[in-house]
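Q: Hi! Could you walk me through this structure, starting with the rings?

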Amino acid sequence: MHRLVTSSLMASSPRWLSIAWSLQPSVLRRFKKSPLPLLSERKYCYRPNKASTGVPLATRKVNKQKCLSEEANQSHILWWKEKMQLCKKPSSIQLAQRLTYSNLLGLDVNLRNGSLKEGTLNMEMLQFKSKFPREVLLCRVGDFYEAIGFDACILVEHAGLNPFGGLRSDSIPKAGCPVVNLRQTLDDLTRSGFSVCIVEEVQGPTQARSRKSRFISGHAHPGSPYVFGLAGVDHDVEFPDPMPVVGISHSAKGYCMISVLETMKTYLAEDGLTEEAIVTKIRTCRYHHLYLHTSLRHNSSGTSRWGEYGDGGLLWGECNGKPFEWFDGAPVEDLLCKVKELYGLDEQTTFRNVTISSENRPQPLYLGTATQIGVIPTEGIPSLLKVLLPSNCVGLPQLYIRDLLLNPPTIEIASAIQEACRLMSNINCSIPEFSCMPAAKLVKLLESKEANHIEFCRIKNAMDEILHMNRNAELSAILFILLEPTWVATGLKVEYDILVSECSLISQRISEIISLDGESDRKINSFDIIPQEFFDDMESSWKGRVKRVHAEVEFAEVDKAAEALSTAVMEDFFPIVSRVKSVMSPLGGPKGEICYAREHEAVWFKGKRFMPNVWANTPGEEQIKQLRSATDSKGRKVGEEWFTTGKVESALSRYYEACDKARNKVLELLRSLSSELQNKINILVFSSMLLVISKALFSHVSEGRRRGWVFPKVIGSSFSKDKAAEITCEMDLSGLSPYWFDVARGNAILNNIKMHSLFLLTGPNGGGKSSILRSVCAAALLGICGLMVPAESAVIPHFDSVMLHIKAYDSPADGKSSFQVEMSEIRSLVTRASSRSLILVDEICRGTETAKGTCIAGSIVEMLDHIGCLGIISTHLHGIFDLPLVTRNTVHKAMGTEVIDGCVVPTWKLIDGVCRESLAFQTALNEGIPKTIITRAEELYVAMNADNVLPMSTTSAKHLLPKSHVNSFGELFDSRQHGLDLPSSTLEILQKEVESAVTIICQKKLIELYNKKSISELTEVVCVAVGAREQPPPSTIGASSIYVLFRPDQKLYVGQTDDLVGRLHAHRSKAGMQEAVFIYIVVPGKSIACQLETLLINQLPLKGFRLINKADGKHRNFGSAGLSMEALALQ
């Protein structure tokens, strides 16, 4: 589960957000008056033109020499040399030819601009580079981020940038990107696996002929984006999946995989893994760096070459060709040291151990099993993940379910999950929306103090959803049960009372600081004389973020400055505009107006031909004399038509300064709140994961009910050797269906499987052998994970491993044939099998010659029978039944066939016995093999088996196998969100009135039906309200109900449905209805629901309510006469 919190969060690529307010030239002009706050607190900051006080000159020289020392940085320089040798673009190859491998930048001091003298920009960049020697360094220089040496080559090769100055051979390699393209450049570099160190300039006034001070503002790593400046943006921030550093070692217990996540400061060490399990984990984990421990070199064959023979070959094939590094020593301690070195962390940095004991847990899913049932997406294999959740439930909940299946929990956790799911299936109250927040995003934004107001609102919503569950008796029971699965997923143990208390405090604190929707702190200044766009652009980036009471002084100063600006514009510009308007002339007359120069963020007068030919002291002449040409931030004239005055410029400067102070105050408050919540980070991480689990399980229960799946009875409580023999291992699956078919739509064949031993399965091609194996595997896996299974009833042992092998392909890269690959996989199954394992093998030993393959298959069957595990071994090697096998519990099963019109066709039903008919000729013919080939094959078959088998005529061959389809579901929702314009107080009053009226009308009608004997039992009408950002419970799926929807215009919509969740989604997908509120009543059957719908449509308008579907009240011919309550109720 840890990988969900660490390496499997949110599976979407990032959309980098611009921090334009800090990058635009016009804003830089205003920074001269108000420099950014808090920059002096950054850790790495250099002022090259000022000597460091208290540090002797000799010491500084020694430090400089250390940066330049080839010996001190030799390993890093060699690392960069390897990267340069991988360059393929002609331009980057030419740049690499000008490098020298004597310093961390790769600069040749003999080339133009290659000086590394004290006080130069190159020397300053080298000092930054020495802090993080294996990161690409981007240094802010004016309107660009520049890179030199090694880093310039990387930018050209991987970010598609052109080198500065072309490819001239007398200059050092240099490249860069404009400020506005920084996010795209970082995205390109991290996607290629590079980490980036970003150096910013301190904005503000500088002394003449002095270099600006610079500081390391942050880093961008694969899976961990650059967040500097995000606290000031007015957009949500999307994060990629965090990528851990992975180390793999080997010991007497098996393989060990160590995952370290720098963002979360956590590590997970999973030991005792098989080779197949470790490969599965590597394939499903996007890692930043891979380290292999030297213990892997000592394999079971005793050879020094790792992976040459036997154990280790599969892992070697997975790692070979991928970049990795060797490490030795104590695996965990040494890997943590590598991570600290890689990310430039202090030696005192501590990492929290989130390892959960693997004792009594089933084995992680093998690679073959995971791919053959679609837990890992595989082309041509029906995906189990897609049928466990509704099609609109993606992201973190889906990743949690995937991780749960790949790493089945202990029986205690599985029981807790099933108990929670059972409660979810039966509740009648509305449920929260469940805000899913990536834990890594929370940690990084709060740690870097870059969480914006949108993120705080998300956090508050999440805390409120926890409190919502606590206040409801039904939901609070679920909340309590889910504490244990959340502990397993996060490694954090939080008591129920502490969780509720801390969530309440966090929600309250955010409410005190952050301006929430609907509050009056968002009003932007407005004056008729000044274009409104000016104030919108200047104030919208910081107003409405925090409550005004916390920055009253700064906000008031902005209002005063805005009023003063309006007065100045009125006095200096308005008389001129009035004068121009008063002059009536044909084309070519004077023009003039007050305009907003957006590029310069200024309000100026724009006009031409407005100068009087004769000065006659008429109105406006005095103001015209005061005009002067407008200039930009560098003092250059903007244009011939733009003018300003000293008074207006003074008022603009005052307004700029007031806005800067207000913005800085808002950022200070946001960062202060980040610091407060950072102390609550464990609660936030725990809560976010709890909501992810809640949403995943609620969604699974909803989809399971819709498909008609059931909760299995899971038996067995221990894997210990002394108790395993005492527990009867038996699996009973009644009405089992293939998981990829929808039983509710009637397109699946059901089978009953009662397994207390090993099945030896035979059947024709296309008869359903592989489908039976996949279905049994999926049902068993879902059962031991606590989830619903595709059956009518199920009893499933809590297996210690579920292993499935279906077909094998050759591996040319490893020099292995398909039979070698099959034997390697079966070796893993047989050696790890126990009496509490489920082993499923399809068409065993089909990759070699028949006689010896049959004997190997028979020997494997004997061994599995001796072990006493449950399982199914399917085969076309019918000679296995003629072998003198020594078995005790193996049972012969077959896939049934029947004769229709003289042709043998499969029934896809599991029966007792042996089926020796393969239908090979019919199958080949159906797949398009020419009839002449089939006819000749029949003749050869007759010749080979003349005494025993009669040939089958192909004249009656038909296309026997029906073409079935796998159901898919489209997206139902528009991702845009629109708020309702109905005041909450008015809505609450209307809702109560409607609830009262609906209850009276429906209860009266039910009493009437009961008296007429139309229903056998009188039930009480219970109205359930579902608020904005809430959903109906899973218990409504398949149940008949009537509902009343409250529209923003205070009109009502009355409807009835058997799929309340789907109907709600359909309504809320319409524009303006995303937060619609409604009430519903569960009623006994479709006919009753139709009658009550018609009744409500006709009677609610008589009580003064406005409806939008009055026409629906005309269909009255619905009745339930003669139907009993039991016939109408949902079973």
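Q: What lies over the face of Trp487?
A: Lys493 does, at 4.0 Å from the ring centre. A charge sits over a ring if NZ of Lys or CZ of Arg is within 6 Å of the ring centre and within 35 degrees of the ring normal. Keep in mind that this is a predicted model, where local features need pLDDT of at least 70 and side-chain atom pairs count only at pLDDT 80 or more, while totals for chains, interfaces and linings use all residues. Residues are numbered from 1 along each chain as its sequence is written, and side-chain values use heavy atoms, with hydrogens and water left out.

Q: And which ring has the charged end of Lys893 over it?
A: That is the ring of Phe759, with the charged end of Lys893 5.2 Å from its centre.

Q: OK, on to ring pairs. How many aromatic pairs are there?
A: The count comes to 23 aromatic pairs. Rings of Phe, Tyr and Trp (its six-membered ring) pair if their centres lie within 6.5 Å; planes under 30 degrees apart count as stacked, over 60 as edge-to-face and the rest as tilted.

Q: How are Trp80 and Phe150 arranged?
A: They are stacked, with 5.8 Å centre to centre and 5° between the planes. This pair links distant parts of the chain, 70 residues apart: Trp80 is in helix H4 (residues 74–85) and Phe150 in helix H7 (residues 150–158). Helices (H or I, at least four residues) and strands (E, at least two) are DSSP runs, numbered from the N terminus.

Q: Is Trp80 buried or exposed?
A: Trp80 counts as buried because its relative accessibility is 0%. Buried means under 20% relative accessible area, exposed over 50%, and partly exposed in between (1.4 Å probe, protein chains only). Phe150 is buried too, with a relative accessible area of 0%.

Q: What about Phe434 and Phe698?
A: They also form a stacked pair, 5.4 Å centre to centre with 25° between the planes. Phe434 is in the loop between strand E13 (431–432) and helix H16 (439–447), while Phe698 is in helix H26 (residues 681–707), 264 residues away. Both Phe434 and Phe698 are buried.

Q: Which residues do ring pairs link into a cluster?
A: Phe527, Phe534, Phe535, Tyr596 and Tyr655.
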